[in-house]
Amino acid sequence: MKKTLILAALCLNLIGVHAQQKTQLNLDGLLADTVVKTVYLQKFHNKIFTTVDSAGVVDGKFKFRTNVVLPELYGLSIDTGRTPLYVFLDQGQITVNLQGSKGYKLSTIKGSASQDLFESYNKTRNLDISKFITEHPSSIVSAYVLYRNWSYRLTPEQITQNIALLDESLADVTYVKELKQLVTVLDGLAVGKKAPDFSGIDPSGKSLRLADYLKGYTLVDFWASWCGPCRKENPNVVAAFQKFKDRGFSVFGVSLDKNKDAWVKGINDDHLNWPQVSELIYWNSAIAKLYGVRAIPANYLIDRNGVIVGKNLRGEQLIQKLEELLGAGSAASKGK
């Protein structure tokens, strides 16, 4: 009986180590190869980092004693306009050697078991996410990588199965809550389901409603000017548009841009001659959330009745699907 109680107490302690709670961060850092005077601590949410505190640099040293949620993913930066150093912070003493050049690649972090696991994950090739979670069920890193790196690769059923592998101590973590919400959204966006309607603002400031453009088969295309894979895919979408536009095919673009000038330039440079809307709020896009978009490029092919007939069709896949739906014949084909 005594051994059982001791074992139970140890288990509770282990869960407590991994459970998130707001506590004082103990981070001491060294800043090398730069003369900047401020280091910024940033919080990660929805692929965006926002500044929560800053620390002055004195004789190449800085420190943070901020009350924050731990363990959790944060960013350390000397320039909030650049991507920060991703760092998982734990309770206890953390020591950081922050190298500002080369995208912080030469930086080192000591004292964080979560960071050690994250770095190990990033070095792994051909990783089995279910196996990784099974081996580290209580780690915030498991919840994060499932949310950030795998949610757009897996079916709703697979996401749910992997969530079930996580320890119950992570049930209230933001990543897990958002994954469960994502599953609900994706379940409603299966082929054969009705696509949700939405409105957005085009470059001229005019409000456009998707339902007003569903006249044949419409590709709702999620992209952004800053997205390299999107820009690479755009010529394929243009080719499909040119080939099938007279047979009842159209495109309705939704951009996750945050800068209007860059958005408009991307439209013009890539010859995206179809309706375009954007909220200009990056990954905070309500339209992207409505469609469960976790990575771009992404798209949904919708018929005139608003029913989803295809998802994430790229390159030759899009051409083949349109040939199937519209045929190789004239404008009298069934999609017009």
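A: Before we start: helices and strands here are DSSP runs, numbered from the N terminus. And keep in mind that this is a predicted model.

Q: Got it. What volume does the largest pocket have?

A: The space in the largest pocket comes to about 730 Å³. Its lining has 28 residues, and K47, T83, Y86, R148 and Y282 are the closest to the centre.

Q: Which elements each supply at least two residues of that lining?

A: Those are β4 (48-56), α2 (113-123) and α4 (140-150). The largest share is from α4, with four residues.

Q: And how do the lining residues of the largest pocket divide into nonpolar, polar and charged?

A: 16 are nonpolar, seven polar and five charged.

Q: OK, what about the second largest pocket, which residues lie nearest its centre?

A: Y152, L154, L186, K311 and N312, out of 21 lining residues. The elements giving two or more residues are α5 (156-163), α6 (174-187) and β16 (298-302). The volume of this pocket is about 410 Å³, and its lining has 11 nonpolar, four polar and six charged residues.

Q: Switching topic: what's the strand order in the open sheet of four strands?

A: β4-β3-β7-β8, paired antiparallel. β4 and β8 (85-89) are at the edges with a single partner strand each, so one side of each has no neighbour in the sheet. From one strand to the next, the twist averages 35 degrees.

Q: How many bridges link β7 and β8?

A: Five, with β7 covering residues 72-77. L73 has F88 in β8 as its bridge partner.

Q: Which helix packs on the sheet?

A: α4 does, touching β3 (38-45), β7 and β8, with its direction at about 140 degrees to that of β8.

Conventions. Residues are numbered from 1 along each chain as its sequence is written. This is a predicted model: local features need pLDDT of at least 70, side-chain atom pairs count only at pLDDT 80 or more; totals for chains, interfaces and linings use all residues. Side-chain values use heavy atoms; hydrogens and water are left out. On a 1 Å grid over the protein atoms alone, a cavity is a set of points where a 1.4 Å probe fits but cannot get out, and a pocket is an open set with protein on both sides within 12 Å along at least five of seven lines; lining residues have an atom within 4 Å of a point. Grid points are joined across faces, edges and corners, and a volume is the space filled by probe spheres set on the points. Ala, Val, Leu, Ile, Met, Phe, Trp, Tyr, Cys and Pro count as nonpolar, Asp, Glu, Lys and Arg as charged, and the others, Gly among them, as polar. Two strands pair if DSSP finds at least two bridges between them. Axes are lines fitted to C-alpha atoms, for helices over the stretch in contact, and angles run from 0 to 180 degrees between N-to-C directions. Contact means heavy atoms within 4.5 Å.
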